[in-house]
Each structure stands twice: as C-alpha cells, then as structure tokens.
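Me: I'd like to learn how to read helix packing in a model. Can you walk me through it?

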Amino acid sequence: MNIILLGPPGAGKGTQAQTLVDQRNMMQLSTGDMLREARTSGTEMGKIVADVMDRGDLVTDEIVIGLIREKLEAGGAPGGYIFDGFPRTLAQADALGQLLSETGQTLDTVIEMRVEDDALVHRIVNRAAEAVAAGKPARADDNEESLRTRLFAYYKQTGPLIGYYHAKGLLTSIDGMGQIDEVAAALSAVLDG
Ligand code: AMP
C-alpha cells in the first residue's frame with residue numbers, strides 16, 4: 001500500500017509515519033529528512049538548499065523529485081511507501097504519479113491531517129523548546145518567522161493538492177487535533193477500511 005500523508009508543518013506527519021513504519025513494515029520517504037541529511041553531510045545539493053529551507057520556502061521541484069526517484073528506483077519497501085512531506089506542489093504530484101507508474105505501482109490513498117493554525121504554532125514552538133531542553137539544536141526553521149513562511153507555502157502551493165487528490169477519488173481527511181494515539185487510530189481506520 002502506497003500512501004501520502006498530507007498536512008501543514010506540525011500536523012504530525014512524521015510522528016504518524018514512524019508508527020506505520022513500526023507496525024506495518026512500510027518505508028517512510030520524507031523529503032525534509034533527506035534534505036536535512038544532505039545538509040549535514042555537506043553535499044553540494046545540501047549547500048544549495050540550506051538558505052531556502054531555513055527561510056521556510058520550498059526547494060525546487062527538480063531537487064525533491066530527483067530524491068524521490070532515487071528511492072523508488074532502489075525499491076525495497078515490502079509494506080509500501082509513506083510519502084511524508086512530498087508531494088508539496090502540483091508538479092510534484094504529477095511527477096509522483098508518473099514515477100509510480102514507471103515502477104509498476106499505484107498510489108492507494110492520500111490522507112489529509114487537519115490541524116488548526118494556532119495548534120501548529122504551539123506544536124512547532126514546543127518542538128524547538130524540547131530539542132533545546134534535550135541538548136540538541138532546534139531545527140533552524142522552527143522559529144516563528146520561518147513557520148509563517150512555511151504555513152503560507154503550505155496553503156498556497158500544497159493546498160491545491162487537496163482538490164487534486166479529491167478529484168482522483170483518493171483523498172480522506174482526518175482530524176489531526178487529538179492525542180498521538182487517537183490520530184493513529186483514525187489513520188488505521190482509513191487504511192484498514
Ligand atoms: P519538512 O521536514 O517536511 O517540514 O521539510 C522541511 C523543509 O524542507 C521545507 O520547509 C522545505 O524547505 C523543504 N522541503 C521538504 N520537502 C519538500 C518538498 N516536497 N518540496 C519542496 N521543499 C521541500
């Protein structure tokens with residue numbers, strides 16, 4: 001089963017993806033994680049995207065589609081893929097459809113996690129505080145100004161994907177406001193339904 005978790009920054013996509021990896025043998029493909037890894041390892045691409053990411057803007061479609069293509073060509077996800085933070089634009093959504101069909105696969109469902117803006121800000125501010133309390137650096141884009149840019153990018157560039165996948169008959173929306181296990185249960189109900 002191949003699924004997309006769609007939702008604004010702070011919606012809990014990464015947290016829920018981790019549970020699905022543990023419980024269903026799925027593979028999480030997070031372009032945000034891949035880009036952060038590229039930065040840490042100091043690759044040329046990592047250097048190019050650093051400023052864009054810290055500002056909270058989207059990196060180019062070409063870069064993220066390339067990252068996903070590499071993973072899909074490598075294969076090795078018996079339980080299927082969880083796309084987390086990808087696609088974020090209509091061009092990426094089209095490219096994903098094409099990449100999947102080239103590798104003989106389909107997209108099974110798209111789950112939109114709905115969370116109110118105030119709660120998103122609260123979660124992101126908390127995530128930064130928790131990192132610092134644990135002696136780790138907070139994400140450079142987990143600050144109020146970048147978050148505003150990230151939210152704007154979500155509504156402007158990623159929002160249209162909701163209509164796109166609805167039109168394809170693939171979209172289900174769940175309430176992402178509850179506790180982690182409540183959201184996990186709602187997610188499971190969709191996947192098993
Ligand atoms: P995330 O960890 O998903 O919140 O992503 C962190 C940052 O990485 C985003 O704010 C973007 O700058 C960049 N990024 C991650 N995924 C994508 C994507 N699919 N398209 C464009 N930029 C992305």
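This is a predicted model: local features need pLDDT of at least 70, side-chain atom pairs count only at pLDDT 80 or more; totals for chains, interfaces and linings use all residues.

Me: What is the angle between H4 and H5, and how far apart are their axes?

Reply: Helix H4 covers residues 61-74 and helix H5 covers residues 90-102; they pack at about 20 degrees, with axes 10 Å apart. As for handedness, H4 passes H5 in a right-handed crossing.

Me: Which residues of H4 and H5 meet?

Reply: Look at who touches whom. From H4 come Asp-61, Val-64, Ile-65, Ile-68, Arg-69 and Leu-72, and they meet Ala-91, Gln-92, Ala-95, Leu-96, Leu-99 and Leu-100 of H5. Sort the residues of that contact by class and you get 9 nonpolar, 1 polar and 2 charged.

Me: Now the other pair. At what angle do H6 and H7 cross?

Reply: Roughly 135 degrees, for helix H6 (residues 117-133) and helix H7 (residues 144-158), whose axes come within 11 Å.

Me: Is the crossing of H6 and H7 left-handed or right-handed?

Reply: Right-handed, as H6 passes H7.

Me: And which residues make the H6 and H7 contact?

Reply: On the H6 side you'll find Asp-117, Leu-120, Val-121, Ile-124 and Arg-127; their partners in H7 are Leu-147, Arg-150, Leu-151 and Tyr-155. By class, the H6 contact with H7 has 6 nonpolar and 3 charged residues, with no polar ones.

Terms used:
Residues are numbered from 1 along each chain as its sequence is written. Side-chain values use heavy atoms; hydrogens and water are left out. Axes are lines fitted to C-alpha atoms, for helices over the stretch in contact, and angles run from 0 to 180 degrees between N-to-C directions. Helices (H or I, at least four residues) and strands (E, at least two) are DSSP runs, numbered from the N terminus. A crossing is left-handed if the near helix is turned anticlockwise from the far one by less than a right angle, and right-handed if clockwise. Contact means heavy atoms within 4.5 Å. Ala, Val, Leu, Ile, Met, Phe, Trp, Tyr, Cys and Pro count as nonpolar, Asp, Glu, Lys and Arg as charged, and the others, Gly among them, as polar.
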